[in-house]
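Work through the exercises below with the structure open beside you. Try each task before you read its solution.

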Amino acid sequence: MSQGLIIGEPTPSGEWIWDGRNYPYVPHPDGLRIGGGLRLHQPEPVPVDPITFEVISAKLWNINEEHAETIRRVSGSPIVVHANDFNTCIATESGESFMFAAYIQYFAAAAEYFVKYTLENRSDSPGIGPEDIFIHNDPLVAGSHQQDVGVFGPLFVGDEIFCWLFSAAHQRDVGGTEPGSFCVDAKDIYADPTPITALKLVDERGIRRDTEDQVLRLSRIPNLFALELRAQIAGIHRTRERVRELISVYGADTVKSVMYKLIEDTERAVGERLASVPDGRWTDVNLSAGAFLGDRDVHRMTMTVEKIGDTLVFDNFGTDPQVGSINCGFAQWRAGIACSLTQMFAYEHRYCTAGVLRRARFRAELGTMCSIDRDGAVSTLHAQFLSVSMSGKLLSRIVQPDPELAKTAMSFSGISTAGHLPHYGTDQYGNPFATVTLDEVACGLGAFSFRDGIDQGGCTFWPISEANECEDWETSFPVLYLYRRSARNGGHGRYRGGSGLSLAFLGHRSDDQLWAAGNMAGGIPTSSGLFGGHHGNSCFFYSVQGTDIRERFSRGEMPADHDAIAATGDGRVLLAKEKDLPLGQHDVAEMAVYGAGGYGDPVRRDPHLVAQDVADQRYDAALAAAIYGVVVDDGGVDVDATEEQRAAIRASRLRHAQRPGQIGAILAADAPQAPVGDGIVAAIHDGRPVLACADCHATLAPVDENYKTSAAWLDTQLHEIDPTIFTDPALDTDEPVAYRLYLCPRCGIVLDSELTIAGEPPLFDTMLLPDSVTAFLAGRAAAASSTGAP
Amino acid sequence: MTFQIGTDIGGTFTDCVIVDDAGVVTTGKAPTTPHDRADGFFDALTVAAAERGLGLADLLRDTSRIVHATTTATNAIVERKGAVVGVLTTAGHGEVLSIMRGGGRTKGLSVDDLLYLPGSRKPDPLVPPRRVREVTERVDCFGEVVVELVEDDVRAAVRALVDDGVEALAISFLWSFLDPAHERRARDIARELAPDLFVACSHEIAPRQGEYYRTVATVINCYIGPLMARYVAAIDDRARALGLPVPVQFAQCIGGSATIADVSRRPLYTIDSGPVSGIVASGFLGERFSHGHIITADMGGTTFDVSVLPGGVPQRREQTVMDQYAMHLSMVDVQSIGAGGGSIAWVDERSGSIKVGPRSAAADPGPVCYGRGGSEPTVTDADLVLGFIGTDSFLGGRQHLDADAARAAVASLASRVGLGVEEAAAGIVDIVDTIMSEKIRRMTVDRGHDPRDFVIYAFGGAGPMHAVGFSRHLGVRTVVVPVGNIASVLSALGTVSGDIVTAVDRSVRLIAPFDGADIERTFAELEQEARSRLVADGFGDASMRSERSVSMKYAAQAFDVELPADELADGDEYVDRFVSAYAARYGPSAGYAPAGIALTSLRVKMSALLDKPALAASSSRAATEQRGTRKVWWPEHREFVDTPILSRVGTVTPVAGPAIVELPDTTVPIRPGTSVRADAFGNLVITLEEGL
């Protein structure tokens with residue numbers, strides 16, 4: 001029922017329908033509609049001297065940290081305690097989330113909508129009082145997936161709401177068709193876990209029995225859920241005390257003015273950074289398949305951002321309709337984008353989300369993968385992760401011309417798609433259990449614009465996280481880890497993407513255990529590279545049932561890698577979504593996830609780094625020669641042979657190109673220029689701003705045209721480039737997926753690449769405004785001449 | 001006359017304390033000598049001996065105990081100058097060290113560092129991948145063998161590692177702390193093949209659940225093992241050659257000291273032994289002076305170390321992080337943040353506010369006022385601008401300070417934020433005091449303690465300078481600068497105020513209701529093991545004290561709570577103790593009994609009790625001595641005030657602030673609204689007014 005409506009805009013007839021009940025929630029642009037005589041503390045800011053500002057902001061940070069620590073200490077969930085799949089927040093009286101701890105960041109922008117929705121919809125009935133705490137996980141309003149349960153309450157000063165204290169934490173089971181609540185077969189919200197929409201959990205009498213009973217009724221493991229909720233409630237209580245103390249010392253108006261200033265400072269800094277690079281429009285498309293059991297269709301998520309001056313406008317136009325449970329709501333799409341914005345533009349402001357959001361606007365088509373309508377299911381979370389990764393990629397393009405900002409540019413990173421391994425049944429102590437291994441937090445960090453990504457470097461949106469120890473997991477659940485290793489699945493490139501983790505476990509001491517693959521199709525990886533860096537492999541799940549491993553154990557053999565495990569029985573690569581796979585004492589579950597994308601054309605990689613990679617057994621000498629054009633001989637680089645091989649690779653690319661492209665004029669040696677990619681520059685040629693090859697200086701196209709139409713194209717397959725990492729997409733889909741390289745038609749370096757459908761036109765990913773580019777280059781030239789730089 | 005001697009090697013100075021039979025304390029300081037820290041060690045002894053009119057050999061000949069806290073191990077790790085280590089792991093788990101649980105990129109970093117992704121990276125490896133070998137063996141979470149050890153795997157691995165030049169071998173198998181047989185057998189094989197190899201097993205070094213943390217502890221133990229064995233032997237040999245009649249002992253991070261034999265086996269436990277010795281000294285002094293609950297606040301040039309001692313008892317923690325490597329290590333809980341006299345103040349252009357740290361001018365170039373090339377204002381420069389420090393009284397006059405340079409640096413910062421010079425200096429002090437008070441708050445309030453119930457012991461070069469500032473933020477009423485002029489060498493005193501200590505623990509998985517008799521049997525076994533260790537180390541004649549503790553949690557929880565268990569007997573008493581301790585820490589509604597209650601480990605800390613230094617109390621009624629006055633800009637008055645400079649504080653009448661106490665190594669501003677007097681032991685006791 002997408003109806004072509006644009007979320008966040010009035011309908012064609014002028015109605016504001018974004019109420020969070022029938023449609024996604026979006027606060028009305030004219031302000032919050034709060035009833036019940038409820039008042040917000042909104043003083044005129046008072047001057048705060050630089051010392052007091054620093055003292056109060058340090059205290060606020062620590063208060064929020066204390067909130068997080070309270071939850072971790074009280075919580076029983078290894079998901080919360082070790083992986084830190086939670087976060088805490090302080091938001092202003094109206095919900096602007098300005099302070100978040102260094103755990104999962106995409107709860108930050110969501111907290112804002114949770115609070116605003118509650119203000120608009122609960123102030124009349126049942127009312128909002130000083131002791132109240134609400135519980136909420138509804139994706140139509142702001143929930144990421146239902147497992148992430150928001151608990152939050154106001155802090156009053158007098159009869160006014162001064163601020164809000166918020167936490168969201170991943171709960172192990174909140175219902176739905178699957179234990180662990182990753183509902184791989186859900187096609188709508190009615191098969192997904194039932195959402196909880198801003199229920200009052202605590203009032204002046206304490207925990208409300210009616211709400212708690214209702215909430216716990218949803219879960220297969222109510223006792224654990226109850227304990228977790230107490231952790232979150234304890235956190236709010238503790239934090240309220242601390243903020244009250246702060247107000248008693250410094251006064252409410254002063255503390256509030258500091259909050260406002262933290263937001264304004266961030267907004268200003270982000271605006272200045274944005275204004276420092278040329279304007280334009282950038283677009284990314286990501287393909288994935290396997291949205292539900294048996295699904296073989298390819299689904300597109302599209303994201304476009306337009307930057308004019310100091311403001312960004314994001315849209316999702318061109319995104320496919322919502323499907324399965326891989327979607328996310330509008331608020332979480334926005335929240336995912338906010339993660340990239342804070343990471344790249346507000347790292348000096350401790351990721352102050354409220355500040356960056358003031359410089360961004362969002363428009364989304366209703367009923368799509370990343371902006372569900374009322375029926376959309378979200379429990380497997382794929383689109384949420386893509387929102388982070390795709391926005392990061394777009395912003396990485398925007399920042400290229402500024403050398404300092406360009407350091408924050410990265411290829412796809414960390415958890416970029418769904419890759420969950422839920423297992424459930426009866427544990428080794430005879431108790432029912434349901435959980436999801438979160439080993440995948442040890443994912444690869446993407447390649448940077450100036451160095452390799454980081455193996456098991458974690459997520460961009462989750463600064464502090466840690467996988468459980470194998471021993472912790474074996475204590476809690478009936479499995480025996482056969483191995484845990486680096487997956488060697490990072491993308492190739494001038495700078496390599498970090499590798500994720502691979503692991504396998506055997507069922508142990510329980511015959512009643514099943515598992516599920518909550519994955520996306522491995523043959524169509526989502527971990528995109530950038531500027532010619534290849535994809536990393538995001539997902540690989542494998543199952544062997546009825547192995548002879550126990551017999552091997554008794555013979556003193558331990559299969560401890562994929563090949564050895566594959567030899568123990570009839571194994572198979574799993575489809576994206578499968579469920580109820582046996583995990584008894586002779587069955588093995590294996591996964592390798594989240595290799596990050598590479599950056600830049602591999603033939604531009606420092607040959608000595610390639611030789612080191614070969615020595616480190618990241619890939620063999622044959623792949624070094626084929627992909628990187630480096631001839632490794634006796635551990636060292638054969639310089640002459642490498643030069644020849646690289647020239648041969650470039651020539652071969654052009655020879656095999658399906659479209660040869662059109663070679664443009666060569667830039668003048670003194671043409672003003674600035675990078676807009678790893679192999680592309682914007683430059684002035686014949687008085688006009690154009691794009692050109694950074695390597696051979698051949699011009700490609702005017703900056704406001706799609707250079708790919710004049711570039712050479714080479715359609716290939718990732719699994720043909722590196723069969724050790726990728727599988728054939730034909731396993732997962734019947735659509736003709738191709739990996740297309742866009743080449744400089746003159747010198748054959750890869751300018752960029754796309755995973756696309758054969759025959760589709762090239763994506764117009766970068767459209768720069770000519771006047772803006774001209775002004776930028778003139779400004780750089782003027783700055784260089786004033787400093788005497790060449 | 002016999003002496004007890006404590007020493008502590010710090011980054012800049014090596015400190016020495018001598019206590020004689022009569023309780024008279026003598027101190028000595030000498031520059032630390034990084035090329036060979038043993039030189040600084042003997043230099044400090046020589047200085048202290050000279051204070052008493054003795055030669056070094058005379059001193060050592062009459063010494064009954066000498067204890068040494070050292071940073072040698074820490075330095076070897078930071079500088080990557082340890083041994084060539086090989087590792088044996090369970091098959092399939094040889095990458096545990098490099099995977100770092102996926103959290104190594106940000107572990108232990110300050111939040112501002114970890115949020116800037118392009119600047120973050122994993123630490124350099126302690127062991128390259130080729131020196132990690134996997135062997136066939138497997139034990140499960142019940143401690144039962146799933147796959148027998150394949151001894152030929154071990155032999156092949158050890159031979160290959162030895163051929164590769166390995167000097168130390170870490171053996172860390174899954175679940176070895178539940179069944180150590182495979183690790184022991186692998187160790188025996190290694191010793192057969194390479195008798196000179198330094199070998200450590202994870203079940204001995206860190207017998208706790210969590211293979212990464214346990215492996216890191218074992219690897220670091222090996223990394224510093226050969227080096228430390230050489231170092232302790234060299235110190236001991238040199239001291240014995242000078243006539244020392246007893247073996248040198250070494251301070252441990254668990255508190256107390258260890259013999260050469262023990263330290264050579266488990267050098268890991270010397271990590272952070274210096275700061276921990278300061279905590280031990282505080283506990284010792286707190287008991288002597290009946291100060292009850294104590295917070296120790298040690299502020300030096302670059303770091304601020306805090307520890308909390310409820311009832312005067314140091315608390316423990318079970319994990320620590322070194323150079324982004326996290327590990328199991330049972331140690332006195334002292335936590336550090338980057339705030340010290342050298343912390344640099346700077347203007348955050350984006351907010352227009354002043355920030356302090358985390359960058360530090362450290363000792364080199366040091367604060368601007370040191371005149372060694374520093375140009376950015378530091379906390380010490382701000383203290384000088386305000387007049388808290390005098391230009392010629394710093395470090396007993398040994399270091400002249402350039403007040404004009406400090407003022408110019410602070411003025412430059414002040415003009416950029418529109419403040420006066422003194423206002424900016426006071427702001428720098430207030431900000432660093434806030435940062436430190438927040439750290440203390442996290443360590444008290446987070447654990448269910450009210451800081452207002454505590455006395456703060458302030459020491460380290462800058463601790464007494466700032467103690468009133470951060471205490472006010474916390475509502476603390478009393479600050480003690482321990483024992484006057486030895487406050488700055490407290491860690492050295494701490495090394496001789498502890499006993500010989502060894503600790504053993506065992507992981508278990510017991511679910512309530514508990515069998516008290518079963519727990520008692522396990523404790524008895526642990527105590528027997530600990531006692532035999534001390535007897536083997538030559539302390540069979542000493543009386544011994546056992547302290548039992550347990551770790552417990554709600555069965556569904558991940559974190560446990562450590563509880564003293566000395567007087568517990570019946571199984572239900574363990575449950576009651578846990579429930580009440582938990583409620584006190586997290587609030588009455590936080591617990592959830594239907595989840596069940598689990599006991600996860602038992603621990604015994606066994607001390608061979610040694611004679612402690614008896615500090616002399618003075619019965620004379622000393623009077624306050626004033627040496628002059630100085631203009632000091634007090635933030636409370638917001639102007640310069642002629643302020644008395646005291647060279648001694650009387651024991652009878654409290655002196656009301658404002659005043660400055662200047663002792664040879666310690667300066668203490670007595671801020672307006674507070675008062676100070678000395679007690680019979682020479683401690684300065686500062687009383688804060690109520691309501692601030």
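Two strands pair if DSSP finds at least two bridges between them. Strands (E, at least two residues) and helices (H or I, at least four) are DSSP runs, numbered from the N terminus. This is a predicted model: local features need pLDDT of at least 70, side-chain atom pairs count only at pLDDT 80 or more, and totals for chains, interfaces and linings use all residues. Residues are numbered from 1 along each chain as its sequence is written, chains are lettered from A and ligands numbered from 1 in the order in which they are written, and side-chain values use heavy atoms, with hydrogens and water left out.

**Exercise 1. Trace the strand pairing around β2(B).**

Step 1. Start with strand β1 (residues 3-9) of chain B. It runs antiparallel to β2(B), and 7 bridges join the two. They form a hairpin with 3 residues between them. Within this pair, B:Gly6 stands opposite B:Val17.

Step 2. Move on to strand β3 (residues 25-31) of chain B. β2(B) and β3(B) are also antiparallel, joined by 7 bridges. Here B:Phe13 stands opposite B:Pro31.

Step 3. Look at the turn. The hairpin of β2(B) and β3(B) has 4 residues between the strands, and B:Gly23 takes a positive phi near 85° there.

**Exercise 2. Describe the interface of chain B and chain A.**

Step 1. Count contacts (heavy atoms within 4.5 Å). 80 residues of chain B touch 90 residues of chain A.

Step 2. Take the buried area, the accessible area (1.4 Å probe) that two parts lose on being put together, summed over both. It is about 7300 Å², and carbon and sulfur atoms give 54% of it. B:Arg101, B:Arg350 and B:Phe559 supply 12% of the area that chain B buries against chain A, more than any other three residues.

Step 3. Find salt bridges (a side-chain nitrogen of Lys or Arg within 4 Å of a carboxyl oxygen of Asp or Glu). The rule finds 15 across this interface. B:Arg441 and A:Glu245 meet in a salt bridge, 3.2 Å from N to O.
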